[in-house]
Number of protein chains: 2
Amino acid sequence: MHAFDVLGDPVRRRLLELLNDGERSSGELTEVVRAEFGISQPAVSQHLRVLRENGFATVRKEGTRRLYAVDPSPLREVDTWLRRFAARWEPHLMALETELARGRRQRRASVEEERKR
Amino acid sequence: MHAFDVLGDPVRRRLLELLNDGERSSGELTEVVRAEFGISQPAVSQHLRVLRENGFATVRKEGTRRLYAVDPSPLREVDTWLRRFAARWEPHLMALETELARGRRQRRASVEEERKR
DNA sequence: GGCTTATATAACCGATAACTTATATGGTGG
DNA sequence: CCACCATATAAGTTATCGGTTATATAAGCC
């Protein structure tokens, strides 16, 4: 399943949003999502499985609970794909990059200056 | 249909990549995608329709051809959603912003300096 | 050990997405 | 006007996804 398919589902997007604030137990996540989407516990569990199996989330056992956390790797991939188009809504991005380069150059120069003394 | 659903399909993603290099006719797009995915002309046409109807592409008639182009708005939305997570794979982004601010400050200072002389 | 609680899995089902083939639309050139 | 392109739409089929209920697993507690 491709990353974009995983993100296609609103429940899964919501789960990721929740996890973005930090680790949550399956139970807590289920609670919230059940209230918002009116779906069953197994339904949520299955969505969590999809997130796990596609690398969007990691799990950690703590007693009887399972604590989920975001794994950003696939999101990064999606972002990488998207960036091809970024110039279309952020035409100043190129300017920003040259700006950054300039900053680095200047800093390097200062450090060099410091060393010489 | 949500933006992420639209991007869930590999053919549609490919079409957007092609359009990212500039306007293309339906025929040109069909040609490429047919070769790469082995699907029929109507299949491609239907994908183009999805892109149109969800605001990812605009069309312009030119004679008997239809020229497609990227409309970035929905891609921007997707990017906006993604950015919530960006700190997880670009922990330097915050640093980058302060960097930028510093750059601006310095440039302003230089201009000021110049003015004084 | 047996009961309870947290979570996952299994099995099934209905909706829908993404093809296919066949056909319509509509501009162009003889 | 007619035949021919380029493109879109229609209708039908199939696979898959996301839900349900029922059940398994496994830790914690008395």
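Author: Two strands pair if DSSP finds at least two bridges between them. The model discussed here is predicted. In chain B, Val59(B) stands opposite Tyr68(B) in E3(B).

Reader: What makes E2(B) and E3(B) paired strands?

Author: Pairing needs at least two bridges, and six bridges join E2(B) to E3(B), residues 65-70. E2(B) and E3(B) therefore count as paired, and the two run antiparallel.

Reader: Why are E1(B) and E2(B) called edge strands?

Author: The open sheet has three strands in the order E1-E3-E2 of chain B, with antiparallel pairing. E1(B), residues 24-25, and E2(B), residues 57-62, each pair on one side only. Strands of a sheet pair through backbone hydrogen bonds, either parallel or antiparallel.

Reader: How is the packing of H3(B) and H4(B) described?

Author: Two packed helices are described by the angle between their axes and the distance between the axes. For H3(B), residues 26-37, and H4(B), residues 41-53, the angle is about 115 degrees and the axes are 10 Å apart. The crossing of H3(B) past H4(B) is right-handed.

Reader: Which residues of H3(B) and H4(B) meet, and what makes them a contact?

Author: The cut-off for contact is heavy atoms within 4.5 Å. From H3(B), the residues are Ser26(B), Leu29(B), Thr30(B), Val33(B) and Arg34(B); from H4(B), they are Gln41(B), Val44(B) and Leu48(B). By class, four of the contact residues are nonpolar, three polar and one charged. Arg34(B) is the charged one, because Arg counts as charged.

Reader: Why is the approach of Ser40(B) to DNA strand C called a polar contact?

Author: A polar contact needs a pair of N or O atoms within 3.5 Å. For Gly27(A), a backbone N or O atom lies 2.7 Å from a phosphate oxygen of DNA strand C.

Reader: What surrounds DNA strand C?

Author: There are 25 residues around DNA strand C, and the closest are Gly27(A), Gln41(A), Tyr68(A), Ser40(B) and His47(B). Of the atoms of DNA strand C that come within 4 Å of the protein, 70% belong to sugar and phosphate.

Reader: Which element gives the largest share of the surface near DNA strand C, and how do its residues divide by class?

Author: H4(A) gives the largest share, six residues. The surface as a whole divides into six nonpolar, 13 polar and six charged residues.

Note on methods: Residues numbered from 1 in each chain as written. Chains lettered and ligands numbered in written order. Predicted model: local features only at pLDDT ≥ 70, side-chain atom pairs only at ≥ 80, totals over all residues. Heavy atoms only, no water. Axes fitted to C-alpha atoms, helices over the stretch in contact; angles between N-to-C directions. Helix = DSSP H or I, 4+ residues; strand = E, 2+ residues; numbered from the N terminus. Left-handed = near helix turned anticlockwise from the far one by under 90°. Near = heavy atom within 4 Å. Polar contact = N/O pair within 3.5 Å; in protein donor to acceptor, adjacent residues only side chain to side chain.
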